[in-house]
Amino acid sequence: FRVAAGLDSQIIGDYEIQGQLKTSIAIAREEHMIGPIMDRTINYVFQASKKIRTNTKLSSGTVSVSFAAMEWLHEHVGDTPHKALLIGAGKFGSTVCHSLQHYLPACELTVCNRTYATAQKLAGNLGVACIPFESLAENISHFDVIVVSTASQEPIVLRNHFTTEQQRFVVDLSIPSNVEIGVKDLPGMHLANVDDISAILERNIEIRRSEVPLAEEIISDFEQEFYAWLHTYKHTPAIRHMKQQLMEFGKSGKASLSINESEYPSDTDVEKIVQETVNGLVLNLKSSAAKGCHVIEAYHQFFNQMVMTAQSV
């Protein structure tokens, strides 16, 4: 239950593990390695997980650096059109690029990378523009949204690169910082670095942690439902045997019940009465441990219902 809810994930509330669990269960089912109790357990587990995701904030907010950066940008930029530049087209840069397109769809995006072929490949896959790294200094002033995700040991975005004064939003996701420290002092400049993004992540993590008690309460409710089902399930062989006996008796016990053949319930009526009897027995078994009394009561209910059905014919 805790694993599927994301309570035991490295990042609390992360649901990637739930997808892995679902895949594992699907494989086990294909190989006929899931018994009825485990099958019911998993059903309750996924029901609890869904309710936690819907009714709590255990998975609210982003907890990845790239998405947190987009959260910061969207908060400052909104949905207004901007010219955006991504510097760095490696694996992380590619993730950021996809996030930019998703969170800032109004932005006109351009990619820049030290290896131009890499920038061209990413730009081609996403249908965006690209510029050579050698032309960065002369072109960077044309952009008002800039995301830096490079691995240089020295700053590559310098104060003197910006030749015009305007509102700009720069996110530096590099370690060490690849944006020169003086950039933040330029007029109209809004700069966020890894520390600023980490603060957003920590805030979201704290929100998630505060939801843990509510998530555990939901899990407790579903666990109780499961154990109630399990209490009934252990009687399944006896209930199945009783149902079979009642069905056989109901369809062949005319003489025993002293009911005229013309008034005797039809096979359809017998099946309905048997099912109602078994349902009543299961319900009583859930609420009390006095099994013997419930079985006697179930037989009594069956015979009475057979007679009442015959009298109504």
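Reader: Why does Cys 107 count as buried?

Author: In this predicted model, Cys 107 has a relative accessibility of 16%, and because buried means under 20% relative accessible area, Cys 107 counts as buried.

Reader: How do you know that Cys 107 is in no disulfide?

Author: A search of the whole structure finds zero disulfides. For Cys 107, the nearest cysteine sulfur is that of Cys 97, which is 11 Å away, whereas a disulfide requires a pair of cysteine sulfur atoms within 2.5 Å.

Reader: What makes Cys 97 a buried residue, and where is Cys 97 found?

Author: Cys 97 is found in helix H5, which covers residues 91-103, and because its relative accessibility is 0%, where buried means under 20%, Cys 97 counts as buried. Leaving aside neighbours within four places in sequence, Cys 97 is in contact with Leu 86, Leu 109, Val 111, Leu 122 and Leu 126. The C-alpha atoms of Cys 97 and Val 147 are separated by 9.2 Å, although these two residues are 50 residues apart along the chain.

Reader: Why is H2 called roughly antiparallel to H3?

Author: The axes of H2 (residues 16-30) and H3 (residues 36-55) cross at roughly 160° and come within 12 Å; since angles over 145 degrees count as roughly antiparallel, that makes H2 roughly antiparallel to H3. Their crossing is left-handed. In this contact, Gln 18, Leu 21, Lys 22, Ile 25 and Arg 29 of H2 meet Asp 39, Ile 42, Asn 43, Phe 46 and Ser 49 of H3, and the residues divide into four nonpolar, three polar and three charged.

Reader: What makes H3 roughly antiparallel to H9?

Author: The axes of H3 and H9 (residues 212-233) come within 9 Å and cross at roughly 155°; because the cut-off is over 145 degrees, H3 is roughly antiparallel to H9. The crossing of H3 and H9 is right-handed. Among the residues that make the contact are Tyr 44, Ala 48 and Ile 52 of H3 and Ile 218, Phe 222 and Trp 229 of H9. The residues of this contact divide into 14 nonpolar, three polar and three charged.

Note on methods. Residues are numbered from 1 along each chain as its sequence is written. This is a predicted model: local features need pLDDT of at least 70, side-chain atom pairs count only at pLDDT 80 or more; totals for chains, interfaces and linings use all residues. Side-chain values use heavy atoms; hydrogens and water are left out. Buried means under 20% relative accessible area, exposed over 50%, partly exposed in between (1.4 Å probe, protein chains only). Axes are lines fitted to C-alpha atoms, for helices over the stretch in contact, and angles run from 0 to 180 degrees between N-to-C directions. Helices (H or I, at least four residues) and strands (E, at least two) are DSSP runs, numbered from the N terminus. Angles under 35 degrees count as roughly parallel, over 145 as roughly antiparallel, 65 to 115 as roughly perpendicular and the rest as oblique. A crossing is left-handed if the near helix is turned anticlockwise from the far one by less than a right angle, and right-handed if clockwise. Contact means heavy atoms within 4.5 Å. Ala, Val, Leu, Ile, Met, Phe, Trp, Tyr, Cys and Pro count as nonpolar, Asp, Glu, Lys and Arg as charged, and the others, Gly among them, as polar.
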